[in-house]
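Here are some notes to read beside the model. Please keep the structure open while going through the points.

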Amino acid sequence: MITETDLSILADIIEKMPGGFFIYSNDEKQTVLYVNDVMLDIFGCKDWEEFTALTGNTFKGLVHPEDYEKINASINKQIATHAKEMDYVEYRIIRKDGTIRWVDDFGRLAHSRAYGDVFYVFIHDITDFHDAREENMKLKKLVKMQANADSKPVNKNKKRRNQLAKIKK
């Protein structure tokens, strides 16, 4: 049986985790039941009230509107096929100040005696990593395009000028 001391220790651990942590219900509403302080920081909120006002207190409200359908479908597919009902996704969020950030999300579906089926989720702001990865992919694409251009035969106009020059001689 969990004692009050145990609960106090667990609460302290959750608040000091090196990333965002939240719990939301696995029902139609996907209500957010808990967020830690790091989660508030990631969203640029000073307290639960600001967070609730920003997100509508739902998982759907956490995820950028353009990403939600794809992300939710991916989570459901992963949960259905993973033996431990775990998922991993990356998506955008919109902070209170309107800035868009990228996060990675590690979730697990579990049954809670108090709330039924819930997701326990860790998130981390990966915006800098995501942007660097995107920039790297763009550079690789440019290098490949340049390599392809360098390996192509001499352009037809230059060939024709050379042929004409030979004929004129």
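**Notes on the fold and its core**

1. The protein chain has 7 helices and 5 strands. Along the sequence these follow the pattern α-β-β-α-α-α-α-β-β-β-α-α. Please bear in mind that this is a predicted model.

2. Of the chain's 169 residues, 30% count as buried. The chain exposes about 11,900 Å², and carbon and sulfur atoms supply 56% of that area. Among contacts between residues at least 6 apart in sequence, 41% join residues at least 24 apart.

3. The largest nonpolar core has 25 residues, and those touching the most other members are Phe22, Phe43, Phe51, Phe59, Leu62, Tyr91 and Ile123. Elements that give two or more residues to this core include strands S1 (20-25) and S3 (86-94), and helices H4 (59-62) and H5 (68-81). H5 gives the most, with 4 residues.

4. Which residues does Tyr91 contact, leaving aside its neighbours within four places in sequence? Among them are Phe22, Phe59, Ile71, Trp102 and Ile123; the charged residues Asp67, Arg101 and Asp105 are also on the list.

5. H5 has 14 residues and reaches 20 Å from its first C-alpha to its last, close to the 20 Å expected at 1.5 Å a residue. Its buried residues are Tyr68, Ile71, Asn72, Ile75 and Ile79. They lie on the same side of H5 because they cover an arc of only 95 degrees around the axis.

6. What covers the buried residues of H5 includes S1, H4, S3, S4 and S5. The face turned away from the buried side carries the exposed residues Glu69, Lys70, Lys77, Ala80 and Thr81.

Notes:
Residues are numbered from 1 along each chain as its sequence is written. This is a predicted model: local features need pLDDT of at least 70, side-chain atom pairs count only at pLDDT 80 or more; totals for chains, interfaces and linings use all residues. Side-chain values use heavy atoms; hydrogens and water are left out. A nonpolar core is a set of buried Ala, Val, Leu, Ile, Met, Phe, Trp, Tyr and Cys residues joined through side-chain atoms within 4.5 Å. Buried means under 20% relative accessible area, exposed over 50%, partly exposed in between (1.4 Å probe, protein chains only). Contact means heavy atoms within 4.5 Å. The expected span of a helix is 1.5 Å times one less than its number of residues. The arc is that of the directions from the helix axis to the C-beta atoms. Accessible areas come from the Shrake-Rupley method with a 1.4 Å probe; for residues, only the protein chains shown count as cover.
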